[in-house]
Amino acid sequence: MSAIGIDDIELATTHHVVRLEDFAEANGTDPDKFRLGLGQDEFSVPAPDEDIVTMAAAAAAPIVERCGTEGLRTLIVATESGTDQSKAAGMAVHRLLGLPSRMRVVEMKEACYSATAALQAAVGIVTRSPDQRVLVIAADVARYELDSPGEPTQGAGAVAMLVTAEPRLLEIEPLSGLNSADVDDFWRPNDSTTAIVDGALSVTAYLDALTGAWTDLQEQGGPAIDEIDRILYHQPFTKMAKKAQLHLAGLTGVELDDRIVASPADSAGEGPAGEGPRDTGLATSTLYNRRLGNSYTASLYAGLCSLLDHDEDLAGKRIGLFSYGSGSVGEFLTGRVVPGYERHGRVQAVTEALDARVPLSMTDYRALHAAELPSSEDHTTPRVSTGEFRFAGIRGRARLYERA
Ligand code: CAA
């Protein structure tokens with residue numbers, strides 16, 4: 001069987017950003033609570049004319065431009081923040097990108113986990129039909145109530161991945177470890193625009209899922225810890241990846257480097273990672289998420305982008321990926337990085353996109369958060385974002401999108 005996996009990958013985010021330094025000042029909180037306590041510096045916030053569809057289209061457009069649409073017969077959008085109870089957000093993405101009509105388009109849901117189910121479904125489709133390619137897009141806006149503990153971990157982003165039988169980035173290996181358990185740690189009822197969360201339970205449920213998925217991977221005959229070179233985790237906030245790393249070290253009895261670096265200055269004096277605990281890329285894989293905030297389904301794959309863009313020694317290396325979705329599902333999968341992957345790095349483009357976000361004052365951020373878009377009335381959104389795709393408003397209860 002030929003190798004199947006991720007051939008191309010792109011990350012997109014929003015027009016606005018909230019800096020946690022400003023947030024801390026406005027709330028009278030020590031900024032280190034966020035920078036060190038949560039491992040977060042900023043969070044992306046969508047403008048009124050942005051949502052998961054505009055981010056998904058922005059992430060996928062460069063891939064479609066580079067790779068074309070030949071053999072593209074499936075689009076799967078994975079999201080927690082769907083735009084409709086019935087119609088898949090991917091339908092609007094399909095039109096905005098001018099994709100062929102001879103395609104299936106579908107949405108997947110299970111909190112932050114579903115992008116991994118989408119990726120595995122894509123691998124299955126390509127296994128059966130190696131001449132086909134599948135576009136998987138993870139896109140989310142993470143929203144918690146104002147003044148709740150989850151608020152500083154909000155964020156937004158989308159990652160698009162092209163899955164093919166000749167992947168140029170990451171070959172997905174067949175075995176993975178799975179764990180599902182019905183837990184009310186985080187969920188969002190149909191009438192709520194913000195998540196309901198039991199923070200402490202969500203952290204233990206995440207770690208329990210990691211135990212279950214890792215144990216299952218070992219029982220399936222998957223690679224041992226010393227056969228995995230880098231490890232990525234779902235990052236609701238990057239300190240959670242550090243907790244996961246420590247947990248996995250405890251499970252395996254192997255010392256793993258658990259440093260998440262806030263800035264180059266923070267690592268000064270800590271010494272090289274060569275001696276002592278094994279460096280599995282934790283600091284390198286958390287660089288983008290520190291600035292994006294939580295992007296739910298996209299978070300793990302934003303971590304993959306960060307690793308691929310910043311680690312120059314990945315060719316042929318095995319990466320472990322732990323995907324977690326509250327509710328809850330955990331999956332530990334592995335993949336091999338394809339030599340030549342570094343030619344596809346887009347660190348400059350991602351950094352420019354992150355730097356270009358327009359900071360919101362606390363007053364504007366709180367007003368934007370509180371604004372509820374009336375989905376039952378015709379509505380035209382103000383033109384704020386400057387990207388290629390925008391959410392133009394609502395007519396007859398249907399959502400309208402435009403491409404510049
Ligand atoms: N300097 C340095 N560190 C500080 C500090 C300071 N001045 N003040 C506090 N801290 C540290 C605390 O010691 C604590 O560290 P540890 O976690 O290592 O103990 C950390 O900052 C967090 O502080 P609190 O314990 O006071 O917790 P909090 O009130 O900030 O809430 C949270 C944390 C419960 C995770 C909250 O952010 C939350 O509810 N988040 C949303 C839910 C979530 O992300 N859960 C993660 C698992 S679920 C999942 O992964 C799915 C998903 O995407 C949602």
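How many residues lie between β16 and β17 in the hairpin that they form, and which glycine in the turn has a positive phi? In this predicted model, the two strands of the hairpin are separated by 2 residues, and the turn contains glycine 396, whose phi is positive at about 55°. Strand β17, which spans residues 398-403, runs antiparallel to β16 and is joined to it by 6 bridges; within this pairing, phenylalanine 389 stands opposite arginine 403 of β17. Strand β16 also pairs with β15 (residues 379-380), again in the antiparallel sense, over 2 bridges, and here threonine 380 faces glycine 393 of β16. Strand β16 itself, comprising residues 389-395, is mostly covered, with 6 of its 7 residues buried.

A further open sheet consists of 3 strands in the order β3-β2-β14, with mixed pairing. Because β3 (42-45) and β14 (358-359) stand at the edges and each has a single partner strand, one side of each is left without a neighbour in the sheet. Strand β2, formed by residues 16-19, is connected to β3 by 4 bridges in an antiparallel arrangement, and valine 45 in β3 is the bridge partner of histidine 16.

For lysine 33, an N or O atom in the side chain is 2.9 Å from an oxygen atom of the ligand, and a polar side-chain atom of asparagine 294 lies 3.0 Å from a ligand oxygen atom. In the case of aspartate 30, the ligand atom concerned is a nitrogen, from which a polar side-chain atom of this residue lies 3.0 Å away. The ligand has 1000 Å² of accessible area on its own, and the protein covers 69% of that area.

Key: Residues numbered from 1 in each chain as written. Predicted model: local features only at pLDDT ≥ 70, side-chain atom pairs only at ≥ 80, totals over all residues. Heavy atoms only, no water. Polar contact = N/O pair within 3.5 Å; in protein donor to acceptor, adjacent residues only side chain to side chain. Areas by Shrake-Rupley, 256 points an atom, 1.4 Å probe, with all protein chains shown as cover. Buried < 20%, exposed > 50% of the residue type's maximum accessible area, 1.4 Å probe, protein only. Pairing = 2+ DSSP bridges.
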